[in-house]
Amino acid sequence: MKKYLLFAIIAVVLGACSTNNPEMNELIGKWSEPYHVKNTVRSITFDADGYLNFVEKMDTTWEIIPDWGGIYAKMKYSVKKQRITFSGYYLYINENARRDSMFYTFVSGYSVNDNMLTIDSFSCDGGIMTPYIKPLTLYKQ
């Protein structure tokens, strides 16, 4: 009987030490704006390792599609108490014509209602070159 009790205690302790974040889990997957509303579509794919991929590309459902390459950014994220912390590096060419990078981080509130994610304020480079989108509303794909 003592063996079973010891096993149960170990199982509870190991379960309590899990790094699984329920708030983070609700974000994992692809979220996107609907197609055929604007000429661009933004999407964010959150992974379980704390990284996200942001993409803004042309909406190919329109008859005329402008020639634009779009935007892609890979960032780190963490979630705590309905707030997301975003961070990454903005890459640029410095005054000596060499590649350089600038670290950025920002925090935003968010909410999830059914299949809709609303991020209060988002920028793919922390507002260095691109303005903040207030709010960014995406739908689960």
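Visitor: What makes S6 and S7 a pair of strands?

Guide: Two strands pair if DSSP finds at least two bridges between them; S6 and S7 have four, in the antiparallel sense, so they are called paired. Strands are DSSP runs (E, at least two residues), numbered from the N terminus. Across this pair, valine 112 stands opposite leucine 117 in S7. Their hairpin has two residues between the strands, and aspartate 114 takes a positive phi near 55° there. This is a predicted model, in which local features need pLDDT of at least 70, side-chain atom pairs count only at pLDDT 80 or more, and totals for chains, interfaces and linings use all residues. Residues are numbered from 1 along each chain as its sequence is written, and side-chain values use heavy atoms, leaving out hydrogens and water.

Visitor: How do you know that S5 and S6 pair?

Guide: The same test applies: 11 bridges join S5 to S6, which run antiparallel. One of the bridge partners in S6 is aspartate 100, which belongs to tyrosine 92. In this hairpin, with five residues between the strands, alanine 97 takes a positive phi near 60°.

Visitor: Why is phenylalanine 103 called partly exposed?

Guide: Buried means under 20% relative accessible area and exposed over 50%, with partly exposed in between (1.4 Å probe, protein chains only). Phenylalanine 103 has 48% relative accessibility, so it counts as partly exposed. Its place is in strand S6, residues 99-113.

Visitor: What does phenylalanine 122 touch?

Guide: Contact means heavy atoms within 4.5 Å. Not counting residues up to four places away in sequence, phenylalanine 122 touches Ile44, Phe54, Met75, Phe86, Phe106, Pro131, Tyr132, Ile133 and Leu136.
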